[in-house]
Amino acid sequence: MSPRGAVVDAGVPPQERVDELPLPEPLFYLHLRGFGQLPDHPELHQAMLRFATQAEFLRLLPRQSARNFLAAHPQPAIEENTLTVFFQVLFSEITRRMYLDAARQRPDAVGLRFTLAKAESASPAAQTIVTTDAHGLGAGVYPFTHVPENPDPGTENPFIIRILYRKDLEK
């Protein structure tokens with residue numbers, strides 16, 4: 001039984017739910033290379049990409065998605081836990097992109113504020129993203145036209161992202 005209230009459906013009327021998730025092929029391969037723990041098998045990679053772009057991928061969450069994928073595509077060289085970790089990376093990236101797309105639609109939203117979920121273990125590149133005032137909006141604040149990507153491909157997105165509104169800039 002899949003969990004209720006999953007990210008992909010939360011608060012979205014049935015007629016507006018997505019059938020395909022925002023995971024461009026180049027981004028998938030960037031994270032796959034960065035992850036580096038899965039076999040080099042082009043057909044397997046294409047199957048994983050197709051699987052990870054279906055809405056069911058988010059509904060099931062990473063562990064069950066890994067189980068379902070391995071049941072449909074048996075891979076003796078891939079442990080369920082390894083695939084779960086990789087699917088968590090993709091899950092994080094997809095939900096991040098969905099959040100960004102929704103944030104852009106908000107009236108008076110001007111950008112995003114990035115903070116670190118775990119500052120003590122963040123990479124130097126991630127720390128730079130949250131401490132730099134690259135656009136004159138404050139440290140870790142980016143307009144929608146310059147949203148930074150995950151600086152560490154193959155790992156979960158390290159950021160907590162909050163929408164910044166025009167009123168927040170006036171303070």
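1. The model is predicted: local features need pLDDT of at least 70, side-chain atom pairs count only at pLDDT 80 or more, and totals for chains, interfaces and linings use all residues. Residues are numbered from 1 along each chain as its sequence is written, and side-chain values use heavy atoms, without hydrogens and water.

2. Look at helix 2 (residues 42-52) and helix 3 (residues 56-72). Helices here are DSSP runs (H or I, at least four residues), numbered from the N terminus. The two axes come within 11 Å and cross at roughly 150 degrees. Axes are lines fitted to C-alpha atoms over the stretch in contact, and angles run from 0 to 180 degrees between N-to-C directions. The helices are therefore roughly antiparallel (over 145 degrees).

3. Which residues of helix 2 are buried? They are Leu44, His45, Ala47, Met48, Leu49 and Ala52. Buried means under 20% relative accessible area, exposed over 50%, partly exposed in between (1.4 Å probe, protein chains only). These residues pack against helix 1 (25-35), helix 3 and helix 4 (80-104).

4. The whole structure holds 9 salt bridges (a side-chain nitrogen of Lys or Arg within 4 Å of a carboxyl oxygen of Asp or Glu). One joins Glu80 and Arg67, with the closest N and O atoms 3.0 Å apart. Glu80 sits in helix 4 and Arg67 in helix 3, 13 residues apart. Glu80 is partly exposed at 27%. Arg67 is partly exposed at 40%.

5. Asp101 and Arg104 also form a salt bridge (3.6 Å, N to O). They are 3 residues apart in helix 4, so about one helical turn separates them.

Methods
Helices (H or I, at least four residues) and strands (E, at least two) are DSSP runs, numbered from the N terminus. Angles under 35 degrees count as roughly parallel, over 145 as roughly antiparallel, 65 to 115 as roughly perpendicular and the rest as oblique. Contact means heavy atoms within 4.5 Å.
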